[in-house]
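Please look over the sequence and the 3D structure below. A short report follows.

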Amino acid sequence: DTQTVAFNGGALFFNLRYFETEAHAEHWEDALSFWLISFAHELAHFESPLHDRRHGRAMENAQRAMLPNLPAALNRPWGRRSDGTELHWTIREERSFNR
């Protein structure tokens, strides 16, 4: 599914395929901004399943909590530790298993 960005089904889920389709791995600033808002939106659904005032306030509070750290995060792109050395990421697919 390339249309669903994220959802909250009692836990937060984010769509890696959407991330890849939008080429967010190549555009750190755009990705961080987009996913910060998406995270705040889904987090707010713990307060209200609807898109009502409670949801709006919860989303604003989540963004307010995250925004002070945004400049530092923007200066630390994917794959870099705080000391500037590279990280190596491995993405693996989890397959369902029989119990």
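Buried residues make up 23% of the 99 residues in this protein chain. Keep in mind that the model is predicted. The accessible surface comes to about 7900 Å². Carbon and sulfur atoms account for 52% of that surface.

**Layout of the chain**

The protein chain has 4 helices and 2 strands. In sequence order, the pattern reads β-β-α-α-α-α. Now take the contacts with a separation of 6 or more: 41% of them join residues 24 or more positions apart.

**Helix α2**

Start with α2, which covers residues 28-44.

Several residues of α2 are buried, among them W28, L32, W35 and L36. S38 and E42 are on the buried list too. What do the buried residues of α2 pack against? Their partners are β1 (6-8), β2 (12-14), α1 (16-21), α3 and α4 (70-74).

Nonpolar side chains tend to be buried together in soluble globular proteins. Here, the largest nonpolar core has 5 residues: A40, A44, A58, M59 and A62. Two elements, α2 (28-44) and α3 (53-66), each give two or more residues to this core. The largest share, 3 residues, comes from α3.

A58 is a core member. Setting aside neighbours within four places in sequence, A58 is in contact with A44 and E47. A44 belongs to the core as well.

Q63 also sits in helix α3. Is Q63 buried or exposed? Q63 counts as buried, because its relative accessibility is 17% and the cut-off for buried is under 20%. Apart from neighbours within four places in sequence, Q63 is in contact with I37 and A40.

**One salt bridge**

How many salt bridges does the structure hold? It holds 1. R64 pairs with E60, and the closest N and O atoms are 3.9 Å apart. Both residues lie in helix α3, 4 residues apart, which is about one turn of the helix. R64 is exposed, with a relative accessible area of 52%. E60 is partly exposed, at 44%.

**Surface and loops**

F14, F39, L43 and F46 make a nonpolar patch of about 330 Å². F46 lies in the loop between α2 and α3. At 46% relative accessibility, F46 is partly exposed.

A23 is in the loop between α1 and α2. Most residues other than glycine have a negative phi. The phi of A23, however, is near 55°, a positive value in a residue other than glycine. A23 is partly exposed, with a relative accessible area of 23%.

**Accessibility at a glance**

The table gathers the relative accessible areas from the sections above.

| Residue | Relative accessible area | Class |
|---|---|---|
| R64 | 52% | exposed |
| F46 | 46% | partly exposed |
| E60 | 44% | partly exposed |
| A23 | 23% | partly exposed |
| Q63 | 17% | buried |

Why does R64 count as exposed? Its relative accessible area is 52%, and exposed means over 50%. E60 counts as partly exposed because its 44% falls between the cut-offs of 20% and 50%.

Methods
Residues are numbered from 1 along each chain as its sequence is written. This is a predicted model: local features need pLDDT of at least 70, side-chain atom pairs count only at pLDDT 80 or more; totals for chains, interfaces and linings use all residues. Side-chain values use heavy atoms; hydrogens and water are left out. A nonpolar core is a set of buried Ala, Val, Leu, Ile, Met, Phe, Trp, Tyr and Cys residues joined through side-chain atoms within 4.5 Å. Buried means under 20% relative accessible area, exposed over 50%, partly exposed in between (1.4 Å probe, protein chains only). Contact means heavy atoms within 4.5 Å. A salt bridge is a side-chain nitrogen of Lys or Arg within 4 Å of a carboxyl oxygen of Asp or Glu. Patches are made of residues with over 30% relative accessible area and no salt bridge: like charges are joined within 9 Å, nonpolar side chains (Val, Leu, Ile, Met, Phe, Trp, Tyr) within 5 Å. Accessible areas come from the Shrake-Rupley method with a 1.4 Å probe; for residues, only the protein chains shown count as cover.
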